[in-house]
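Welcome, and please take a moment to look over the model below. We will then walk through parts of it together.

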Amino acid sequence: MQNHNMDNSGRGRGNRNETNSNHVRNDSSESVSSTNVAPVFRPHTGGDVRWEAINSVISREGELGLSHFKLLKRLGYGDIGSVYLVELRGTNTFFAMKVMDKASLISRNKLLRAQTEREILGLLDHPFLPTLYSYFETDKFYCLVMEFCSGGNLHTLRQKQPNKHFTEEATRFFASQILLALEYLHMLGIVYRDLKPENVLVRDEGHIMLSDFDLSLRCSVNPTLVKSSAAHGGNNAGPNGGNGGGGGSGHGGMAEDENVVHTSSNQTSNFFPRILPSKKNRKTKSDFGVLVGGPLPELMAEPTNVRSMSFVGTHEYLAPEIIRGEGHGSAVDWWTLGVFLYELLHGTTPFKGQGNRATLFNVVGQPLRFPESPQVSNTARDLIKGLLVKEPQKRLAYRRGATEIKQHPFFEGVNWALVRSAHPPHVPEPFDFSQFASKDSGSGESNASEKKVAETGNKKSSSSDPCYANFDYF
């Protein structure tokens, strides 16, 4: 996502690369359903007034359309669309609406990316991931209606910190929520591939939401419960002593990226954990320690065997295997988590060069170094070192996924069951929606929203408004 008042070329970060000499996307022929998608209630958003507002309009008028929304402000723009702050007319409820131009998507072979993002958002039900309230389309646009986060993003928030970096306590808070979000995505067979502070949004209560899924990869996965003692056997050994990291706990086949090497025929809907070892080898539940006070079994849900050949991501966050063109899987998300931690703690990324080419060379060929200042703990350094191993098979969490990272000393004291209740290090100032208050002219503006989208769609900045000088969404 490009930031309104920031020169992304200087960071080498706003540009999403999808250039592979052997990769020609031809997704303009892909079709996206033209039906209005009714909202599906998400359990974690119980009592959400936005659901009530959406359902009220649908029950009254049958479906949602662009004319039901009042476009208040363009918040940001990205590679495949722009995001607007919108109000659902007559309800006093506000949303973020991502609007994508159909003709542009087709002409630039981006239609499949837009379709994949919509499908992924429709699957999500997690406190640190977006809620898709509705999806609809007009003759010209595809529209995704999602939660509006008033606190901006972590990149902007980091720049406001003393010396432009977070404390370890604040970093631990944000990283724990990111880790749970990535764990959930991997359980669903989704490799995120675009973690960076710009894509981590801050809600009004200070908790975070991971955003932007148009670069994500869908694959299949078999979540598996394994004995803790077996799981601790190391990254290269599965619970049966083999090389499977869970006896097939993370096999991935793929239908959403044509550059993926198919390694399994398992479907993403096959989401019932298997218990290892098999029944014939365990007599009672006490074999897992459940009834005798021992350690609980661990859930392993890494899609480790999926392989994509796409060259996607942000230069400073690209994993070595992507740059080398060797094919990549879920381990790229753990690499980006390491870069993410490094940036939050140090105020810069670990392999940044004078330009994009130098950055890519450093990622592949230069060792990880830590600056003398700011000082970070040995446990933080150890975690980052484990995540930034250049060979993915030796990288921390390659086999056991988020479970292995949760057990690292850096996260000692984190109550993973109550992360959602932890006190945030920063709570944004309340957002003033009254600045947009005006008389709603109702049906007389049935085409006003689409006209406004068309008028602003070609503009590359809305920096004239100080309220969003450094705010980006997707």
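What follows is a short tour of a sheet, its helices, the cores and some aromatic rings.

This is a predicted model, in which local features need pLDDT of at least 70 and side-chain atom pairs count only at pLDDT 80 or more, while totals for chains, interfaces and linings use all residues. Residues are numbered from 1 along each chain as its sequence is written, and side-chain values use heavy atoms, with hydrogens and water left out.

Let us start with the sheet. Five strands form an open sheet in the order S1-S2-S3-S5-S4, with antiparallel pairing. S1 and strand S4 (132–137) stand at the edges with a single partner strand each, so one side of each has no neighbour in the sheet. From one strand to the next, the twist averages 25°. Strands here are DSSP E runs of at least two residues and helices are H or I runs of at least four, numbered from the N terminus; two strands pair if DSSP finds at least two bridges between them.

Now look at S1 (residues 69–77). Nine of its nine residues are buried, so the strand is largely enclosed by the rest of the structure. Buried means under 20% relative accessible area, using a 1.4 Å probe and protein chains only. A hairpin of four residues joins S1 to S2, and these strands pair over seven bridges in the antiparallel sense. Tyr77 has Ser82 as its bridge partner in S2, and Lys73 stands opposite Leu85.

Next come the cores. A nonpolar core is a set of buried Ala, Val, Leu, Ile, Met, Phe, Trp, Tyr and Cys residues joined through side-chain atoms within 4.5 Å. The largest has 74 residues, and Leu124, Leu210, Leu337 and Ile405 have the most contacts inside it. Helix H6 (residues 168–187) gives the largest share of this core, 11 residues. A second, separate core of 20 residues includes Leu64, Leu71, Val86 and Val145.

Finally, find the aromatic rings. The structure holds 17 aromatic pairs, where rings of Phe, Tyr and Trp (its six-membered ring) pair if their centres lie within 6.5 Å, and planes under 30 degrees apart count as stacked, over 60 as edge-to-face and the rest as tilted. Phe69 and Phe136 have ring centres 6.0 Å apart and planes at 15°, so this pair is stacked. Phe69 lies in strand S1 and Phe136 in strand S4, so the pair ties together parts 67 residues apart in sequence. Both Phe69 and Phe136 are buried.

Definitions and conventions:
Buried < 20%, exposed > 50% of the residue type's maximum accessible area, 1.4 Å probe, protein only. Axes fitted to C-alpha atoms, helices over the stretch in contact; angles between N-to-C directions.
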